[in-house]
Amino acid sequence: MKRVLQIALGIVTSVGGFLEIGSIATAAQAGAGFGYRLAWSVVVGTACIAFLVEMSGRFAACSGRTIPDALRERFGGPVYLAIVTVMVCVSLLVLGAEIGGSAAALQLGTGIPLRWWVAPIAVVAWLILWRGTFGLIENGVSLLGLVTVVFVVAAISGGPDYGALARGLVPRLPDHKPAHYWFVAVSVLGASISPYLYYFYSSGAIEDKWDVSYLGVNRWVAGIGMGFGGFLSVAVLVSAAIVLKPAGIDVQGYRDLSRLTTAVLGRPGFWLFVAALGIACLGATLEISLALAYLLAQGLGWEWGEDLEPRRSARFSLTYTVIIAIGAFIVLAGADPLKLTNISMALTAASLPVGVLPFLVLMNDRKYLGDHTNGPLGNAVVLVISILAMVLGVISIPLQVAGS
Amino acid sequence: MISRPVHLVADVLDEQLVDATHRNAGRVDGVIAAVRAGHPPRVVAIEVGAVTLAARVSRHLAAWVARVDRRLTGRRAPVRIPWDALRYRDRYLQFDADVDATPINALEQWLRVRVIDRGRR
């Protein structure tokens, strides 16, 4: 019974923590620009992140080690520093987008300009990390994130064309705007396969003291949790295909995004959208800040742990403090949060192999996994999708930048 | 003291260090060997610190990190732990002292005392 509850809670928190500004904005752009045609990119991205999350939980449960710890030990300091540099740079842009997303939600709700909300959001996020526990972040914020289910209600209420949606699950070439089509596809992949998600999940497994008896829980949580998370992203795409595409609305701002729920659910839909965007982005802000602090502290051998009081892990606590400040600064410096979202998601996709390939090497090393190393299916799915994302990113980002 | 044969790169370099109370105390960022005429080199110490790690990437990066490290911690050289003071405990390398009593945790201590404790008052 205890395990069933663990699985249920894990699935619920995974679903609640899945959507953030990246997946909402990119899925909406996909639906608004290309109808159901890009649904495949959400499914491909979700499959990849489900495999990666399962692997990261299995790695923690079997080896008792964190991923940065093993990366440093297996590949050495210089390679570890190279991986960290790329991941921190890209994730800081994503963090800026998430803080901007929360601020945009408050702007929509109050009418007060976005820039006035950036500092309060950064302070709230920092206070939650400083005073809170891992359980509060993992369960509390993610449970609140279940409000994102409003996108499913909106999509079903809008009466989707299920036949077109089914056809969209099969990858097809674009019928117009090919550069933009591939750029949006790459952004959707980047938003779905965020490396911070599996670093956060793996560190959580260590914080929760998982061992091999948790392998079953891990498989269910990763598979079903991420699967339902991907379902939410598809719902956003479907809503956009129903509401935005026929009206010829391209997603240029957050107000355009709010039409996804208001068109079907009216005023309550607007407030549910504001809550969903604000909570989802705040949750992602917390997860990214913690994931980067974990990445540095574990690789450099510091004391770390969200459940340790800050004075017992001062460098770890300072790291997430500085990271939140930089994320807020990026938005305050004038970066347009929606453009920042697009470019950071595409860069995430383009840089995926940097973090993913060394991780796959670890996942096939018996020294860490014993008899629980990867099978050929997991290796193939993650390898092919991450390299595909990189190739598409390297080609489509310059084309999109040149085109715009 | 480590009595069994170890592979310096696979078993020592980049390994997690823990102190006498099993608290994380950084990683082995460098290994120091004494070169002796007519004899094989002998490992005498390990080094812990960002400057040593940066030096494995580039000299310029190490010089820049050294300037920042000096400003933050007042440290003028990486911390060295004698080889004889190390032993394996589980999968970690352990030294027999409190990490807070060593310069390894200079920045951690400074943050604790000057920033966190002062902020609470």
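Predicted model: local features only at pLDDT ≥ 70, side-chain atom pairs only at ≥ 80, totals over all residues.
How many helices and strands make up the secondary structure of chain B? Chain B comes to 4 helices and 7 strands, where helices (H or I, at least four residues) and strands (E, at least two) are DSSP runs numbered from the N terminus.

Residues are numbered from 1 along each chain as its sequence is written, chains are lettered from A and ligands numbered from 1 in the order in which they are written, and side-chain values use heavy atoms, with hydrogens and water left out.

Let us stay with chain B for a moment. Its C-alpha atoms fill a box of roughly 60 × 35 × 20 Å along the principal axes. Chain B has 121 residues, of which 40% count as buried; buried means under 20% relative accessible area, exposed over 50%, and partly exposed in between (1.4 Å probe, protein chains only). Among contacts (heavy atoms within 4.5 Å) between residues of chain B at least 6 apart in sequence, 53% join residues at least 24 apart.

Next, look for charge on chain B. B:Arg67, B:Arg70, B:Arg71 and B:Arg76 form a positive surface patch. Such patches are made of residues with over 30% relative accessible area and no salt bridge, with like charges joined within 9 Å and nonpolar side chains (Val, Leu, Ile, Met, Phe, Trp, Tyr) within 5 Å. Lys and Arg count as positive and Asp and Glu as negative, while His and the chain ends are not counted. B:Arg76 sits in the loop between α3 (59-73) and β5 (79-82) of chain B, and B:Arg76 is exposed, with a relative accessible area of 71%.

Now to the salt bridges, each a side-chain nitrogen of Lys or Arg within 4 Å of a carboxyl oxygen of Asp or Glu. The whole structure holds 19 of them over all chains. In chain A, A:Glu73 takes part in a salt bridge with A:Arg65 (2.7 Å, N to O). A:Arg65 is buried at 9% relative accessible area, and A:Glu73 is buried at 10%. A:Glu73 also forms a salt bridge with A:Lys367, with the closest N and O atoms 2.9 Å apart. This pair links distant parts of the chain, 294 residues apart: A:Lys367 is in helix α17 (residues 366-369) and A:Glu73 in helix α4 (residues 67-75) of chain A. A:Lys367 itself is exposed, with a relative accessible area of 55%.

In chain B, B:Arg112 and B:Glu108 form a salt bridge, their closest N and O atoms being 3.7 Å apart. Both lie in helix α4 (residues 106-120) of chain B, 4 residues apart, about one turn of the helix. Salt bridges that share partners join A:Arg315, B:Arg23, B:Asp98, B:Asp100, B:Glu108 and B:Arg112 into one network.

Finally, turn to the backbone. Most residues other than glycine have a negative phi. A:Lys209, although not a glycine, has a positive phi of about 60 degrees, and B:Asp14, also not a glycine, has one of about 70 degrees. A:Lys209 is exposed, at 67% relative accessible area, whereas B:Asp14 is buried, at 3%.

Conventions
Areas by Shrake-Rupley, 256 points an atom, 1.4 Å probe, with all protein chains shown as cover. Charge placed at Lys NZ, Arg CZ, Asp CG, Glu CD.
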